[in-house]
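Me: I've got a structure to go through with you. Quick questions, quick answers, please.

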Amino acid sequence: MLGIAVCGSLPGTGTGLIGPAGALLLILGIFGAVAAWRGLRARRASTAIVAVLLLVLAGQTNLPVSAADCAAAPATSPVPAAPTFGTTVFKKGGGEPNIAISPSGRYMIADGLGGTPAGQPANIFRSTDFGKTFQAITPAFANTGGGDFDIHFLDEHTVVAADLATLNLPANGVYVDRSTDDGSTWTQVNVNQEIYDRPWLDHFGPNNVYLATKGFDGIGYLYTSTDGGQSFGTVPTVIYGNPLFGGPDPTAIPLSSNNAYVDHITVDPRSGDVYVLYGIEAPTTFGMGQPAGAANQLYVAHLVAGVMHSAPVYLGAGDDSFLAGFNWMTVDQAGTLYVLTNGRIHGHWSTRLAYSKDKGATWSPQVDLGAPGASNVYGSIAGAAAGNLSLIYLRGSNENPSSAQNWYAEMATVASADTSSPVVARSRPFDKAMHTQDICFDGILCGLPGFGSDRNLLDYIYNAVGPDGTAWGVFCSDGPLTGSTSNTTPDVVIVSQPGQHLGSGVQS
């Protein structure tokens, strides 16, 4: 298929990208124009005029992108550069959204945190027609925690979800909810009674379910279920802390044990290998600008024979800072493991990619997937065929996330992701901003000098790839995009990007 990416100002289009159809018309226009210049028949000259007019009309459908985006766009693109999008909006759906897709792609569940009905851990939206339509559902739950639902399909109809622990005393641990009818009814199990931070789930087949979470002792733990999430072992596997198996030594970094984060968990669907991404900070990150330090060191722990073996993904400098708890990990269909870091390196906030082809033992250097000129934050990746990823992130309009600005949701496909030169094709589904204030990354420190103050969006965004290769993303909006304001509960926006030739997605 012909695929030419053209950057520049076309009549009526502003700066944009031309996909295969536009490229063909462009070639026809050039051919006709040359023919006319050489004095050939007027019919060919008129063909040039028609082709140019068609090109202009075709350009009207292109999505606007910034000059920086255009400058950073690859010369060739593995997908059309002006794709179409499907969109569903749930008003006041809430922040920290999530989406999961069944093995066939027929069933999908999305959610958002905020303004939830009584007895619901999150606002839950379900599709039973391959994502063509979504409806809000309100099933009953025995108990609810703090939300932050992390949902996964174990098979076509069985769903498990982890509910954020709360600070209520006595501690309630983590509630793991399970449904065998696509989310209509749920049963529940409680994992321990410790107070835990953000829980993450993944699985291998229909029976093995893994729960990764950080305890308030600053240590990460992994709980395992062998019956599809109906029960979990009471003795967890410690994710890090033993210097014999790599990773940081908490006794060598005394302050960091209170600021370590479990970022994500991924299970290879082919081999069953379990990986946990976590971050911790070096003492050099503590200072007046970062009184609580910053997670500038990232590790992946690999479960081998019941023990977690850690290897560093990135060991940052004192002024580096990652979004603690919100870096991302996935695996492609070939078993290559990927980590997407979200943070500040050399003063620039962006979303960067590293990969490992030896089960997390060694890692490639990071490659910045975002365009320069502004901040790119809260990136999320989803795996598909070998070397192919889907990416979604938020792009600001300046380099300082702590300042009020326009933020836009952007989606991208990443080809050759398992090489040193990934090919990124970026698209902006909407020309209106989804947020117009600053974004604060520091939780309870929001509002202090240097930390920003707006946390209305809460934290992360999420994406997935369906079995047909369609990319799906979910984010929240409290801006002009959905006619909202930053002092209201944000809306949940579900967006699909079909026809991206990513190959079958790794089940989410």
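Me: Which residues touch the most other members of the largest nonpolar core?
Reply: Leu 211, Leu 222, Leu 394, Phe 475 and Ile 494. That core holds 86 residues. Keep in mind that this is a predicted model.

Me: Which strands pair with strand 31?
Reply: Strand 3, residues 86-90, runs antiparallel to strand 31 and is joined to it by 5 bridges. Strand 30, residues 471-477, is also antiparallel to strand 31, with 7 bridges.

Me: Why call strand 31 largely enclosed?
Reply: Because 7 of the 7 residues in strand 31, residues 491-497, are buried. The rest of the structure largely encloses the strand.

Me: Which way do the side chains go there?
Reply: Asp 491, Val 493, Val 495 and Gln 497 point one way from strand 31. Val 492, Ile 494 and Ser 496 point the other way. All of them are buried. As a general point, side chains in a regular strand alternate between the two faces of the sheet.

Me: New topic, aromatics. How many pairs?
Reply: The structure holds 19 aromatic pairs. One of them is Trp 328 with Tyr 460, a tilted pair. Their centres are 5.9 Å apart, with 40° between the planes.

Me: Where do Trp 328 and Tyr 460 sit in the chain?
Reply: Trp 328 is in strand 21, residues 328-331. Tyr 460 is in the loop between strand 28 (423-427) and strand 29 (462-465). The two residues are 132 residues apart, so the pair links distant parts of the chain.

Me: Buried or exposed, those two?
Reply: Buried. Trp 328 has a relative accessible area of 2%. Tyr 460 is also at 2%. The cut-off for buried is under 20%, so both qualify.

Me: What about Trp 328 and Tyr 462?
Reply: That pair is edge-to-face, 5.3 Å centre to centre and 90° between the planes. Trp 328 lies in strand 21 and Tyr 462 in strand 29, so the pair ties together parts 134 residues apart in sequence. Both residues are buried.

Me: Which residues form the aromatic cluster with Trp 328?
Reply: Trp 200, Phe 326, Tyr 460 and Tyr 462 form one cluster with Trp 328.

Me: Which charged ends sit over rings?
Reply: The charged end of Lys 214 sits over the Tyr 261 ring, 4.4 Å from its centre. The charged end of Arg 428 sits over the Tyr 408 ring, 4.2 Å from the centre.

Me: Now the whole protein. How many helices and strands?
Reply: There are 3 helices and 31 strands. Of the 508 residues, 56% are buried.

Me: What share of contacts comes from residues 24 or more positions apart?
Reply: They account for 55% of the contacts with a separation of 6 or more.

Definitions and conventions. Residues are numbered from 1 along each chain as its sequence is written. This is a predicted model: local features need pLDDT of at least 70, side-chain atom pairs count only at pLDDT 80 or more; totals for chains, interfaces and linings use all residues. Side-chain values use heavy atoms; hydrogens and water are left out. A nonpolar core is a set of buried Ala, Val, Leu, Ile, Met, Phe, Trp, Tyr and Cys residues joined through side-chain atoms within 4.5 Å. Buried means under 20% relative accessible area, exposed over 50%, partly exposed in between (1.4 Å probe, protein chains only). Rings of Phe, Tyr and Trp (its six-membered ring) pair if their centres lie within 6.5 Å; planes under 30 degrees apart count as stacked, over 60 as edge-to-face and the rest as tilted. Helices (H or I, at least four residues) and strands (E, at least two) are DSSP runs, numbered from the N terminus. A charge sits over a ring if NZ of Lys or CZ of Arg is within 6 Å of the ring centre and within 35 degrees of the ring normal. Contact means heavy atoms within 4.5 Å. Two strands pair if DSSP finds at least two bridges between them.
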